[in-house]
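Subject: Structure for you, plus notes

Hi,

Here is the structure I promised to pass on. Have a look at it first, and then read on for what turned up in it.

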Amino acid sequence: MTVGEMQSGTGNPPDVLDGPFTTRQLLRIDEALRLADQGTGLVFSVYVGGLDEPIREHAERLHRQLAEPDRSVLIAVSPNQRQLEVVTGRHARKRIPDTYARLAALSMVAAFGGGDLTGGIINGLDQLASHAGRA
């Protein structure tokens, strides 16, 4: 189902439209994810929602559930908790060391602080992909 389709038989839009993003913002994030994946050969994912304590462990559990965790980078954002975690898999970490992940996180936090959740995520994806370079 695409974002614009109705849930079958309910006449209601999908739940994703009840989240913090407009359809246009979701499309921009999706495009940034696609470009990061294609440009690096890694798999980038974004999770936006509540994170259980301890935050880092929850983000790592989410990362392990991805299809290819060793090649994956997860940006986990909980706006209500004001938390952000960047989790890199074993192969991804070789191309995006923790230092670079922290720099991208600082940039995202600055954008989030200015009220730009979408822009922060997109810029963070771009920075992480730039650091990873081509596959």
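Predicted model: local features only at pLDDT ≥ 70, side-chain atom pairs only at ≥ 80, totals over all residues.

Arg82 sits in the loop that links E2 to E3. Most residues other than glycine have a negative phi. Is Arg82 buried or exposed? Arg82 is exposed, since its relative accessible area is 74% and the cut-off for exposed is over 50%.

The peptide bond between Glu53 and Pro54 is cis, and its omega is near -15°. Pro54 belongs to the loop between E1 and H2. For context, most peptide bonds are trans.

Now the overall layout. The protein has five helices and three strands, and starting at the N terminus the order is α-β-α-β-β-α-α-α. Of its 135 residues, 36% count as buried.

The strands are worth a slow look:

- E1 (residues 43–48) pairs with E2 in the parallel sense, over six bridges. To get from E1 to E2 the chain passes through helix H2 (residues 55–64), and this β-α-β crossover is right-handed.
- Within that pairing, Tyr47 has Ala76 of E2 as its bridge partner, and Val46 stands opposite Ile75 in E2.
- E2 and E3 run antiparallel and are joined by six bridges. Val77 has Leu84 of E3 as its bridge partner, while Leu74 stands opposite Val87 in E3.

How many residues of E2 are buried? Seven of seven, so E2 counts as mostly covered. The cover is on both faces: Ser72, Leu74, Ala76 and Ser78 are buried on one side, and Val73, Ile75 and Val77 are buried on the other. E3 has five of its six residues buried, so E3 is largely enclosed by the rest of the structure.

Next, the packing. In soluble globular proteins, nonpolar side chains tend to be buried together. Here the largest nonpolar core has 26 residues, and Phe44, Val73, Ile96 and Leu128 are the ones with the most contacts inside it. Helix H1 (23–40), E2, E3, H4 and helix H5 (117–132) each supply at least two residues of this core. Which element gives the most to it? That is H5, with seven residues.

Leu106 is a nonpolar side chain to look at separately. Leu106 lies in helix H4, yet Leu106 is exposed, with a relative accessible area of 59%. Leu106 and Gly124 are 18 residues apart in sequence, and their C-alpha atoms are 8.9 Å apart in space.

Rolling a probe the size of a water molecule over the atoms shows where empty space is left. The largest pocket comes out with a volume of about 270 Å³. Its lining is made up of Val77, Ser78, Pro79, Arg82, Gln83, Leu84, Val109, Phe112, Gly113, Gly115, Asp116 and Leu117. By class, that lining has six nonpolar, four polar and two charged residues. Strand E2 (72–78), strand E3 (83–88) and helix H4 (98–113) each supply at least two residues of the lining, and H4 has the largest share, with three.

Cheers

Terms used:
Residues numbered from 1 in each chain as written. Heavy atoms only, no water. 1 Å grid on protein atoms, 1.4 Å probe; cavity = no way out; pocket = protein on both sides within 12 Å on 5 of 7 lines; lining within 4 Å. Points joined across faces, edges and corners; volume = space filled by probe spheres on them. Helix = DSSP H or I, 4+ residues; strand = E, 2+ residues; numbered from the N terminus. Nonpolar A, V, L, I, M, F, W, Y, C, P; charged D, E, K, R; others polar. Pairing = 2+ DSSP bridges. Right-handed = clockwise from strand over helix to strand, strands pointing away. Core = buried A, V, L, I, M, F, W, Y, C linked by side-chain atoms within 4.5 Å. Buried < 20%, exposed > 50% of the residue type's maximum accessible area, 1.4 Å probe, protein only.
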